[in-house]
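Hi,

Here is the structure I said I would pass on. Have a look, and my notes follow below.

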Amino acid sequence: MKKFFGLFVLLALALVVSACTSDEKPDTTSDSGSTDKPKDTSSDKGGESAVEIFSWWTGAGEEDGLLALISLFNELHPEIKVENAAVAGGAGTNAKAVLATRMQGNDPPSTFQVHGGEELNKSWVAADKMAPLNDLYEANGWMDKFPDALIEMVSNGDNIYSVPVNVHRGNVIFYNMEVFKEHGIEVPTTVDEFFAVADKLQAAGVVPLSLGDKESWEATQIFENVLAAELGRDDYLKLFAGEIDFTDARVVAAAEKFGKILDYVNEDHASRNWQDSAQLVAEGKAAMINMGDWAKGYFVNDLKLVTNEDFGYFAFPGTVGDFAVITDTFGLPKGIDDIEATKQFLTVLGSVEGQDAFNPLKGSIPARIDADPSKYDDYGKDTIEDFKTAKLFPSLAHGSAASEGFVTKANQAVNIFVTQRDVQNFVDALQNAAPDM
Amino acid sequence: MEKAIPDKRKKKLSKDQLTAMAFLLPSIIFVIVFVYGFISWTGYISLSNYNTIVPDYSFAGLKNYLYLFNDFRFQADLRNTLFFTILFIGAVILLGLALSILLDQKLKGESIFRNIFLFPMALSFIVTGVVWQWLLHPSTGFNKFLNLFGIQPKWYTDTTILAGFKWGSIEFGLPVAIIAVVIAAVWQMTGFSLAMYLAGLRGIGDELREAARMDGATEFQVYMKIILPQLMPITMSVVIIMAHISLKIFDLIYAMTGSGANFVTDVPGLYMFETTFRGNYYANGAAIAIIMLLLVAVFIVPYLWSSRKGEN
């Protein structure tokens, strides 16, 4: 009897063990690195190689961009198999959770989407999971093809860790041109001018600024722009480098102005997401919205509005000449099988052709300064021009200025501030979270 | 060896029982490893300093728990959970009971009504959340209809706290916005309690009611004195099942309102998700998960205890 029992225990244990180890490696790539399989004689470098591209690009324009990029790569490198491992979900939340699990389980994708800046540096580089790409930059002569400030965002010390494929601008205000014309309004260039314009619009019964902060990042984005306007770009960088405290008088002033701006937003902001709030501007119920340039894609592709006819755009008041950078980049994780194939992909990603295949569809501008402007619409051309001359600063709301942890806590503080308007509480909360930057 | 086994036990274990046990054993081991093992692992993480993406298993004591209890958002979460649970369970029980009593009146086409009420249960909470999000959205659905009459309901964007008083750093009281979420949850789960109560009502013999009526009880008295007491075990089951749903609720609120302005519709499940998977605060997230587990245990353990006693 006991023998039987022991046998079953053994059996059960064997089951558990096999379940635990079954995640070794999916079979699909098992023939990639093995040299003992002579069946594939046609390929030149000993077996078929593959590259797995991990991103959260599954939405309308972004997926088109990614597929265009992949088909360009297929054309240039037919011998390399591409696996599109995109994970759907708002702003990459789900993808980031999947990525964290895979990275910590030592099963990294060949390359993955990550925002340049602290999202890259404070997470994967700090965890020693990324391989430097300096040789790739030198081999391709990229050092003077990307702006220095951008290369700095994807570097840690002397090492460069990823290749930027696009740039989005966070400090833009889109406005309904008809509403502006009807009320005789000039584009404001400073925060004070903005307040004057907003008063005028409010008196006329139009919501001056549309906001949809069902998720807090939309409001955080306004705050980061006010911060940049108040501090100036250089001190903004110092603030997030920990050299200036959040209790600094100028940060307090920025928080006060942020609170005042919130007096001009639509009342139902908490039940809207950014698309819903952009709709208010499209319908003329609201005059302006501060949104990254993905809103342009939404206006043009989904709502069929015409750039510079139905809607216009200007830099966030007080940040004219500055450029809030949100950049999607791809790096090289340590411990992957096909380093060479992945480097080939990164090379295409960083090339002019790669960037011009991807960005017009995605609605962003190329990260390279020598891309072909004729492939972009009016908004793109303007922004490409601005990007060449503007002073770049990293976006907080999109994880470039500080670590994901700080961003989460900052969003939390913003959510509370939007209702309570307690400036002291707000700056204290930010200061308390500062060690996590 | 054989001698060591007491006589009584030897008799008890028939061949069938042994086979059954042997087949259960693998799943028991799986549960021990993948349920209890992982719970212990979560508990272990919650006591560590693992609050970045880089693993750090050094012992932190109760630091993460203390952080949470001083955190505005977590306090709001506990408040919201409390009111959500009370309103949700109360409404599900009352509505379910009322509907089941009506359905029990032997009406024609009863099965049609039953299906109508049971149908929402076939949906998952995430679908319910999306549907109600549309219904209560300011520019679509029901609110747009009300806009025609010049009414602009605030629904879940409302940050008012009813009957509130300051308690620590939060205003303690019923957040109005919670009501919108409760309505959706009740819409989804009433069918369940209706089915439970209907089964219970059908289980009460007609003789009992007739006897009471013969004794001169009014119909109201029949329900209050005879039927409702008989339904107590069912009420217990409904409370237990609804309580653990409401304490762990995530998907409905995630799809419908998110955290809400000033965290009026935030719950521990949402906070856990954001802390862990957005902020990479693994230890804090684990601490929230453990607290949620304890909250559920408060309901489940006494129930398991009493049902075990009943068995004996």
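Before the rest, some housekeeping. This is a predicted model, so local features need pLDDT of at least 70 and side-chain atom pairs count only at pLDDT 80 or more, while totals for chains, interfaces and linings use all residues. Residues are numbered from 1 along each chain as its sequence is written, chains are lettered from A and ligands numbered from 1 in the order in which they are written, and side-chain values use heavy atoms, with hydrogens and water left out.

Helices here are DSSP runs (H or I, at least four residues; strands are E, at least two), numbered from the N terminus.

Over all chains there are 30 salt bridges. Among them is A:D370 with A:R368, at 2.9 Å, N to O; A:D370 is partly exposed at 33% relative accessible area, whereas A:R368 is buried at 8%. Another joins A:K285 to A:E283 at 3.2 Å, N to O, and A:E283 is partly exposed at 47%. In chain B, salt bridges link B:D104, B:E110, B:R114, B:R202 and B:R209 in a network.

Now the interface. In all, 39 residues of chain A are in contact (heavy atoms within 4.5 Å) with 43 residues of chain B. The two chains bury about 3,500 Å² between them, 65% of it on carbon and sulfur atoms; that is the accessible area (1.4 Å probe) lost on being put together, summed over both. How many salt bridges are there between chain A and chain B? The count is 0. On the side of chain A that touches chain B, α16(A) gives the most, with 10 residues.

Cheers

Note on methods:
A salt bridge is a side-chain nitrogen of Lys or Arg within 4 Å of a carboxyl oxygen of Asp or Glu. Buried means under 20% relative accessible area, exposed over 50%, partly exposed in between (1.4 Å probe, protein chains only).
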